[in-house]
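Subject: Structure for your review

Dear colleague,

Please find the structure below. My notes on it follow.

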Amino acid sequence: MRDLLLIFAISLGAALAIGFVGAVLLRALRRSSITVHLSVLLTTTVVAVTVGVMAVAEAMFLSPHDLEVVLITVAAAAVVSLAVGGHFGRRLALAAVWRDQARERERQLEKGRRDLVAWVSHDLRTPLAGLRAMAEALEDRVVRDPDTVDEYHRRIRLETDRMTRLVDDLFELSRINAGALRLSLTAVPLGEVVSDALASTAPLADARRIKLVASESGWPMVAASEPELARVVTNLLLNAVRYTPEDGTVRIEAGREGEHAWLSVADTCGGIPPADLPQLFDIAFRGEPARTPGPGDGGASGGLGLAIVRGLVEAHGGRVEVRNIADGCQFMVRLGTA
């Protein structure tokens, strides 16, 4: 019994010494990653066992051969333990990190949904209040002057169109997020799509005295679904016109690089705060108040336009990015060529 107690005491002392060193090391590395913590913890455990066995073996005055056998056995077990523990420890660490990222992403999505509901509620309440007031005025015959009646009818139609566009954007975004968007890609002349988009954007640009400049040549053929590609180009042009000060310029160009085509929409908005650039394509994101559309913006869509652009471009297998340039910002779309 005395020998067993002595062996236990020696093993415990060696293990406590190694455990203390491991605890100090873990405390020093408390800001490190989960992988580092698991590695230190696993190494401390294996080393504690190894040192305990070696200490007991030395105290028992084993023959050199027996001591060598014990050390080889312990070393083999330590290598296997470290290898297996390291492999599965890394997997556990990655799983933990993935869960944290998934939870963070879920929180961001939930915040995006709340922001979307808030923005859409605001964008619907404002025109609905105006529509109700004008409809009641017409119904009660408070307004009788023919010119005023015509103006009320015109404004009712404009606000109805605006809300229709907002509902269309919501439907398009729901298709993208649900993965229900199925594109039939064909060879589409990018120049014709841009020409139609410029024609639809021209009235808003003229009202704001903004010059639309497009290249006369160099428009490639792209592999795309024409309606969705037209939506992308129109949204980018409307976004550029809305945020460019009066008497500014919006320039649209395109070209080809190898097997890919690129489309550039650049404006003279003065630039976007660098902190806002990564969030510009998020749902309902509008950035600073200066970039929040107001009345007469041509039908702002609740901060959904650029989110739809990203969803449609990615559905085509392409990518879209934005960067600041000398006097404004530039949106760059890359798609496959036909």
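Which residue in strand 7 does His260 stand opposite? His260 faces Gly336. The wider setting is set out below.

This is a predicted model, in which local features need pLDDT of at least 70, side-chain atom pairs count only at pLDDT 80 or more, and totals for chains, interfaces and linings use all residues. Residues are numbered from 1 along each chain as its sequence is written, and side-chain values use heavy atoms, with hydrogens and water left out.

Overall content

The protein has seven helices and seven strands. Helices (H or I, at least four residues) and strands (E, at least two) are DSSP runs, numbered from the N terminus. Along the sequence they follow the pattern α-α-α-α-β-α-β-β-α-β-β-α-β-β. Of the 338 residues, 34% are buried, where buried means under 20% relative accessible area, exposed over 50% and partly exposed in between (1.4 Å probe, protein chains only). Among contacts with a separation of 6 or more, 72% are between residues 24 or more positions apart; a contact means heavy atoms within 4.5 Å.

The sheet

Strands of a sheet pair through backbone hydrogen bonds, either parallel or antiparallel. Here, five strands form an open sheet in the order 2-4-5-7-6, with mixed pairing; two strands pair if DSSP finds at least two bridges between them. Strand 2 (211-214) and strand 6 (319-324) stand at the edges with a single partner strand each, so one side of each has no neighbour in the sheet. Strand 5 (residues 260-266) pairs with strand 7 (residues 329-336) in the antiparallel sense over seven bridges.

Two helices in contact

Helix 4 (residues 146-177) packs against helix 7 (residues 305-315) at an angle of about 40°, with the axes 10 Å apart. Axes are lines fitted to C-alpha atoms, for helices over the stretch in contact, and angles run from 0 to 180 degrees between N-to-C directions. The angle makes helix 4 oblique to helix 7, because angles under 35 degrees count as roughly parallel, over 145 as roughly antiparallel, 65 to 115 as roughly perpendicular and the rest as oblique. From helix 4, Asp169, Glu172, Leu173 and Ile176 meet Ala307, Ile308, Gly311 and Leu312 of helix 7.

A buried threonine

Thr244 lies in the loop between helix 6 (226-243) and strand 4 (249-257). Why does Thr244 count as buried? Thr244 counts as buried because its relative accessibility is 0%. Beyond its neighbours within four places in sequence, Thr244 contacts residues including Arg208, Ile210 and Asp267.

Yours sincerely
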